[in-house]
Every structure is written in structure tokens, then in C-alpha cells.
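Subject: Structure handover

Hi,

Here is the structure I promised to pass on. Please open it and follow along with the notes below.

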Amino acid sequence: MRALPLLLVAAIVTPLIGQTPSPPDWTAAQDETMRHFQALIKFDTTDPPGGEKPAADYLKSVLDKEGIPTEVFALEPHRPNIVARLKGSGQKRPLLIMAHTDTVNVDPKKWTFPPFSATRDGGFVYGRGTVDDKDNVVAALMTMVMLKRQNVPLERDVIFLAEAGEEGATRIGIQFMAEKHFNAIDAEYCFAEGGSVTRIGGETKYASVQTLEKIPRAIRLTARGPAGHGSVPLESNAVTHLSGAVSKVAAWVPPIRLNETTGSYFKRLATISSPEEAERYRAALSPDTSVSGVKQVINDPSVEVAWASNNVRPHGTSRLGTDAFKVLEENVTEHYKVVTLPTMSTGATDMAYLRAKGIQCYGVGPATDIEDGPKGFGAHSDQERILESELHRFVRFHYDLAADLARKP
Ligand SMILES: [Zn+2]
């Protein structure tokens with residue numbers, strides 16, 4: 001009686017061992033990726049006014065066809081957010097892959113290829129949203145589709161969020177989701193826009209992974225002095241004192257304070273730079289902190305310094321010692337063969353709202369040529385474009401990120 005159950009167990013276990021899902025056929029998937037990408041670019045989702053519904057409907061129809069369950073959350077009916085979920089065993093907390101469906105505005109007169117034509121020319125695809133953020137939308141979509149088709153066994157749910165309003169109306173997009181429907185997107189980790197791989201002279205040099213965002217703080221300067229006739233200017237003239245204060249602040253070099261991300265950014269950057277540049281970056285690692293405070297810099301009792309009220313995104317940092325960051329570095333090495341630089345981006349993304357809720361978020365993006373920005377081909381430019389080959393590489397990279405982080409070992 002003891003031998004029989006053991007035999008049965010052996011018979012059940014053996015076939016499971018051979019069930020490692022095969023990797024997707026990425027050559028075959030290129031046409032499908034391009035079809036979805038061009039379809040998404042062709043929807044005019046410029047924000048304001050937004051109108052992301054056709055893009056959201058398209059994504060829903062693709063996911064429906066694959067049998068991936070979706071939910072629609074809309075504060076305003078023509079600006080919906082789409083959520084889809086692949087169920088895992090629940091052993092680990094979910095992974096969220098997120099991208100926004102809206103874009104910034106266009107001035108069609110300035111475009112060589114019309115901004116919603118998704119024209120393919122010379123190995124590029126041209127159109128508004130090609131690198132912000134429909135590249136991430138299509139990568140996340142293909143990741144969901146392929147995980148489902150390959151039947152990858154997951155130890156955590158993989159959640160897809162295509163949110164509206166990132167560029168101009170977060171209250172109907174990420175804020176609405178984070179405040180009213182957080183259960184639908186709550187996750188341990190999140191991948192979204194905000195990173196990139198930099199090519200110089202056509203060669204990949206380094207990958208930037210966004211782990212936090214620069215937060216602006218506004219200050220208000222008020223100068224006070226007695227009123228008097230302008231023909232006899234007083235030394236205590238408030239305008240003179242105020243302009244003096246403004247110019248002192250403008251000339252001020254504030255002290256550098258490094259955090260985990262910026263410290264590690266300069267350390268790693270030094271390892272791939274010329275000796276001269278490396279010296280500059282290493283100098284930033286031991287900053288001179290002798291100057292402090294706007295008040296001291298202005299040094300004028302007739303000028304008041306105070307925080308101005310401003311509506312900024314919430315604070316939050318993602319750590320570098322996580323499983324997600326490890327998987328990111330491994331895949332950067334595998335797909336791009338370059339160093340990973342954790343980056344504090346100067347711009348803002350929707351990840352700020354999720355970091356504030358405790359989700360460890362990392363910004364990723366496709367490889368672009370550093371020479372493209374000044375020539376006017378970058379994000380938000382009048383001739384936004386992406387290299388087709390890099391779009392496809394990014395899709396494979398994105399899939400591997402999700403699969404490596406969520407797949408059952
Ligand atoms: Zn964006």
C-alpha cells in the first residue's frame with residue numbers, strides 16, 4: 001500500500017517537469033506588434049482634450065479576443081482607463097505593467113509626415129506618441145497577449161493598466177485609479193514609462209531606469225519698504241531689494257544632496273565615461289555642503305522668504321535592492337549589453353502616485369539615438385519617431401521582464 005501512492009506521484013510529477021513554456025516566436029509577432037502600434041498611433045488622443053476612448057476600446061477588443069478579462073474605469077465616459085489581469089497562484093503580490101493612452105498636442109503644420117499617420121519610413125515609425133507613450137502601451141499589450149498564449153504559469157498576478165490623462169488630466173487617470181479603484185491595480189512592483197536606452201552613433205551605451213522623480217518646490221519672496229516718489233528713489237525701495245534677491249538666488253549653486261539613486265547613478269556613470277568626465281562625476285559624490293539656504297544667500301532682512309503653495313506630485317522612491325531591479329539589470333545586460341543607471345528623472349510620470357502608495361515602480365523605455373533629440377525627433381517634438389528594430393527589441397525586453405518576475409520558478 002505504501003508503494004502505490006509513490007508511483008502515482010511519480011507519474012503525475014514527471015510530465016509537469018517538461019512543461020516549461022516555450023518562448024514566443026518573436027519574428028512572427030513583429031507584424032502583430034506593428035499592426036497594434038500603428039492602430040494606436042492613428043487614434044488622436046491628444047490631451048487636452050483627451051478622448052482616449054477609441055484607443056481604450058481597441059485595447060479592450062484585443063484583450064477580449066485573447067480571453068484576458070478586462071475592466072473599464074471611467075470618471076468621464078470618453079476618457080476610460082482599462083485594466084486587465086492574468087491570474088497567478090497568489091504566492092507573491094502582483095506585478096503592474098502600465099502605460100498611458102493620451103499624448104501631448106500637435107501642430108500639424110510642422111510635421112513632415114502627418115502626426116496620426118503612423119508612417120513607416122527608413123526604418124522608423126513617425127507619429128505623436130511613438131515614444132511617449134504608445135511604445136509602452138503596445139509593449140505591455142504584447143506582454144499580456146504572449147503570457148496568455150504561452151500559458152506561462154505565474155506565481156503573481158500580472159495586471160495591465162492603460163490609463164488616460166497622464167499628460168494633462170491625472171485626476172481622471174492615475175489619481176482616479178489610485179484614489180477610487182486602488183484594489184484593481186494594487187501591486188508589489190510596477191513597470192511604466194520614464195526610462196530609456198541611449199544609443200550614441202548607433203550603438204547602445206547605457207540604460208536609464210527611472211526610480212524617482214524630481215519634485216519642484218516653489219518659494220515666494222516678498223520685499224517691503226516705504227512708499228515714496230519715484231523721482232527720488234529710496235535705498236529701501238522694495239523693488240530694488242526684490243530684484244537683488246532674485247539675482248542672488250539665480251546665481252546660487254545649491255548644495256548637492258545625493259540619495260540612493262543619484263549616488264549610484266554618478267558612481268556607475270563614472271565607470272563608462274572618459275577620465276575627465278569620470279572625475280567630474282566622482283566629485284559630485286563628495287559634495288561641498290558649505291552653502292545652505294535661500295535666506296542666507298539673499299542675506300537681506302527686508303526680503304521675506306517663504307514656501308509658496310504649490311500643487312506637486314507626491315514624493316516616493318523605488319529601491320535598488322529589489323527582485324524587480326535585479327530582473328531589470330539582468331535583462332538590460334541580456335538584451336542591450338550595457339550598464340543600468342538608476343535615474344532620477346527631471347520630468348514627472350504617473351508612477352509618483354503609485355510610489356506614494358508603496359508600489360516599487362521602475363521606468364523603462366526603448367532605445368533611442370541621443371542625436372535624435374536636438375534634431376527634433378524626440379518625445380513631445382514635432383516629428384516624434386521610433387526605430388522599428390528598437391520597438392521590437394523593447395517588446396521582447398518588456399515580455400522578459402514580466403515573465404522573469406512573475407513566472408513560477
Ligand atoms: Zn509619457
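This is a predicted model: local features need pLDDT of at least 70, side-chain atom pairs count only at pLDDT 80 or more; totals for chains, interfaces and linings use all residues.

Helix 3 (residues 53-65) and helix 4 (residues 134-149) pack at an angle of about 15°, and their axes are 10 Å apart. Helix 3 and helix 4 are therefore roughly parallel to each other (angles under 35 degrees count as roughly parallel). Axes are lines fitted to C-alpha atoms over the stretch in contact, and angles run from 0 to 180 degrees between N-to-C directions. Helices are DSSP runs of H or I with at least four residues, strands are runs of E with at least two, and numbering starts at the N terminus.

Which residues of helix 3 meet helix 4? They are L59, V62 and L63, and they meet V137, L141, M144 and V145. Contact means heavy atoms within 4.5 Å.

Residues are numbered from 1 along each chain as its sequence is written, and side-chain values use heavy atoms, without hydrogens and water.

Now the strands. Strand 2 (residues 81-86) pairs with strand 1 (residues 70-73) in the antiparallel sense over 4 bridges. Pairing needs at least two DSSP bridges. T70 stands opposite A84 in strand 2. Strand 2 also runs antiparallel to strand 6 (residues 158-163), joined by 5 bridges. There, R85 stands opposite I159.

Best wishes

Note on methods: Angles under 35 degrees count as roughly parallel, over 145 as roughly antiparallel, 65 to 115 as roughly perpendicular and the rest as oblique.
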